[in-house]
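Subject: Structure for you to look at

Hello,

Here is the structure I said I would pass on. Please open it next to this email and follow along.

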Amino acid sequence: MRFFLLGLWLWCLWSPGLFAQTVFPLHGHVTDDQEVALPGATVFIRSSGSGVVTDERGRFAFPVLRDGVYHLEISYIGYQTKIVEVEIPTRKALHIRLIPDRLSLSEVVVVDTTAKRLRSEQTLAVEYVDGTFIRKHLSGNLMKTLDRLPGVDAIGIGSGQSKPVIRGMGFNRVLVMSEGMRHESQQWGADHGLEVDQFAVADVEIIKGPASLMYGSDAIGGVIDLRSDMIPASCSVSGTLAGTYNSNNNLFGGSLNAAMRRTKFYFSVRGSWLDYGDYRVPASEVDIYGYRAKLNKGFLRNTAGGEKAGHLTFGYIGKSLTNKTNVSLIQQKQGFFANAHGLEPRRVDTLLHDASQRDILFPYQDVTHLSMVNKTEIFGPNYLAVAEIGFQHNLRDEFSNYVSHGYMPPVFPDGLPFASDLERSFEKYTGLANLRVSWQAVKNAEITTGVNLSYQDNRIDGRGFVIPAFRQSNAGLYSLWKQKFGIGSSLQAGLRVDAGQLHTQAYTDWFKSPVDASGQNMDFAQRAEAIERNYSMLIWSVGYSSLHESLDWKINLGKSFRMPIAKELTANGVNYHHFSYEIGNPDLKPETAYQLDLGIEWRHKTVAVGLTPFVSYFTNYIFLNPTPEHDYNYGAGNQVYYYTQSEVFRTGGEVHAHFSVHKNLRFGVIGDYVFSRQTTGSKKGFGLPFSPPPSLLLNAEYRTNGNRWLCKPYVSLDFRLVGGQNTIVPPEEPTPAYRLLSLAAGAVIQLNRQEIELSMQLQNLLNTRYYNHTSYYRLINVPEAGRSFIVTLRMPFSFNLDQKI
């Protein structure tokens, strides 16, 4: 396998020199019917699947086209999509005028013109947001920013970290993609966030529902695809300077990127940083399993942290080939809430922790994530071939003061291969390779065939144990047929075969404990045996979509799966954050789900309404089942949980309704609901852990064109109503309903010839005390963050290389 990956990597790197040929450029600009430039319009070539976005002056360029006839699809929010036929070569610059359109649902919910094309390519529910949406709704981290979208939530882990949840599915059931590759870290842990630089994310595509056909295991609940900055314009130097501030935890952050391109070659660099203190909640104390921990001025002690990130991208653009290499390094350091980590929430030096809101003391985690991805595209009028190869290294160290518990020695002994304060360490090496080919088989029919390969080597260290070291390999082969019927209608059907192997290593304690019932015989206890498991599965999907001027509808039925992970099979240790003892089950079977998705959207001149319901059935859903047992060998009587499986029925969906009462004033309603029920097993009749409650978001926004110095100013008001969640799985507790009020405002400030994009938010305006049922800290009754004032600034710059500076 390693020789295959090495060969593919070298082919990707050297192939540009083999395929380089003469290019025919095509350039132009996009305006409205009043000759006003439309920056951010999407110009998409139908035959090749490639596209660009217009710059701040409405300009675009394709420097890599060969001779032939092309059909360009030009779209922009609030304007009618236009199809233009162009014959290459041509020396004439295109001037494309777009006409205002009826109100579209995407103007409020999905705020990028690319969304229309993505919806036509997917028979599942799809959301798409661009950088403008991210900056407008920026929170402490990217996943909290995205939870404004219908059907998307976040498991909060403090102010700086969170994990995505799609329609109640999270952890290893939601696949995060970055630079075309699956993001591999330690996503099995509820306290493990994502190593993502939100400044470097240009746009996000979210697939809601099972996407195993194209992405394999771990996409059973959906996909979040993160994409970086666009390729810079030809013969240009460009970049952005951005900054943000959050008053709740005194967060300061910034990012600077610069890019340069001649014609065929380009590169870009970016550096980002975040630094924040303890975040504040509207409470003076929290109830941690009966112990009321006092808070100093509402600050959650030791939740401060920081992040540093660096990115390097370079690439080549040829006549029928592009090649791009991206290298990123992210380092995060974040403290754990001191009263919610370890074996005893009372053993906290409050005077030490409360002396400063910005220091990071024990306990804390230190994470480093390195990613290298190379992507090659070879394309022509009727085909597109994509080869991707990547490497990732993830190192997560968790530190805390040594505390003896169970049969651990009172004093940490000398001579051990790890430090006394290293609680746990997880180090993962991942190699990935994807190959995808799409071609037009017959008229109006397209076939896509692909291969996905991955290999993981996960190592452990430290004094604590929860999962053993393991090695895992996966391979998948899939094929998708798309048949178009007339204008706007298409049928999609596909098959996928997956195979995976998981091998775990045995683990033995570093201290002695009783090995029989008498308690007299002491030895080094084996906590986990070495196991090897092989899994395979055939899955399928079929869907139909019909997209028209005023009415869109789609339907999709499919089977998806997920392999059990090492933690579910072999866990045997204390979860220091939930005060629980978790035990795996090596006999677990892969999760299998059948899901039906529907979608309908109706649009008129001033009104848009949409509904995306779903229903699914899991034959063997995996979850942690609490028992009456308690563990005293490795803790002070923590409740024991066993991984088990049951059949589960799920249904729900999202609703959108938006209308315009004036050209400058619009109202919107966004709602989502998820229902789940275990139909077999010891928890029959219960729901699923971390199930989000029903929610409704009411929005009103007033926007004008502004003037010469203040462009596109807006004011927005959000009123969020979240229902109570009483369908729980013990030890979860019912979560009461709550209401939140938030304000936002922003504009583009014109200073001479320099644009400055300003976005401001006042989240939780009334400083409401409420609990988020999907929050990591909900089990210990920690409320969500209080009032927060967030301001974000972004200053783009660009100039042509042939201009005098």
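Below is what was found, topic by topic. Please keep in mind that this is a predicted model.

Backbone

Most peptide bonds are trans, and most residues other than glycine have a negative phi.

One joins isoleucine 88 to proline 89, with omega near 10°. Proline 89 sits in the loop that runs between β6 (79-88) and β7 (94-98). The other cis bond goes from phenylalanine 362 to proline 363, and its omega is near 0°. You will find proline 363 in the loop between α6 (350-354) and β22 (364-380).

Positive phi values come next. Lysine 297 is not a glycine, yet its phi is positive, near 60°. This lysine 297 belongs to the loop between β19 (291-294) and β20 (305-317). Is lysine 297 buried or exposed? With a relative accessible area of 66%, lysine 297 counts as exposed, because the cut-off for exposed is over 50%. Asparagine 767 also has a positive phi, of about 55°, although it is not a glycine. Its loop is the one between β41 (754-763) and β42 (788-800). Asparagine 767 has a relative accessible area of 32%, so it is partly exposed.

Strands

Now look at the sheet with the order β8-β13-β14-β11-β12. This is an open sheet of five strands with mixed pairing. At its edges are β8 (125-130) and β12 (181-182), each of which pairs on one side only. β8 runs antiparallel to β13 (residues 203-208), and six bridges join the two. Within this pairing, valine 126 is opposite isoleucine 207 in β13.

Serine 425 faces aspartate 461 of β25. The two strands make a hairpin with two residues between them, and in that turn asparagine 444 has a positive phi of about 65°. β25 also pairs with β26 (residues 470-485), in the antiparallel sense, through 14 bridges. Here asparagine 458 has phenylalanine 470 in β26 as its bridge partner.

Aromatic rings

There are 20 aromatic pairs in the structure. In one of them, the ring centres of phenylalanine 337 and tyrosine 777 are 6.0 Å apart and the planes are at 75°, so this pair is edge-to-face. Phenylalanine 337 is in the loop between β21 (321-335) and α6, while tyrosine 777 is in the loop between β41 and β42, so the pair ties together parts 440 residues apart in sequence. Both phenylalanine 337 and tyrosine 777 are buried.

Ring pairs also build a cluster from Tyr402, Phe412, Phe418, Trp510, Phe511, Tyr581 and Tyr634. Tyrosine 634, a member of that cluster, has arginine 527 over its face, at 3.9 Å from the ring centre. Elsewhere, the charged end of lysine 136 is placed over the ring of tyrosine 714, 4.6 Å from the centre of that ring.

Regards

Terms used:
Residues numbered from 1 in each chain as written. Predicted model: local features only at pLDDT ≥ 70, side-chain atom pairs only at ≥ 80, totals over all residues. Heavy atoms only, no water. Helix = DSSP H or I, 4+ residues; strand = E, 2+ residues; numbered from the N terminus. Buried < 20%, exposed > 50% of the residue type's maximum accessible area, 1.4 Å probe, protein only. Pairing = 2+ DSSP bridges. Phe/Tyr/Trp six-rings, centres within 6.5 Å; stacked < 30°, edge-to-face > 60°. Lys NZ or Arg CZ within 6 Å of the ring centre and 35° of its normal.
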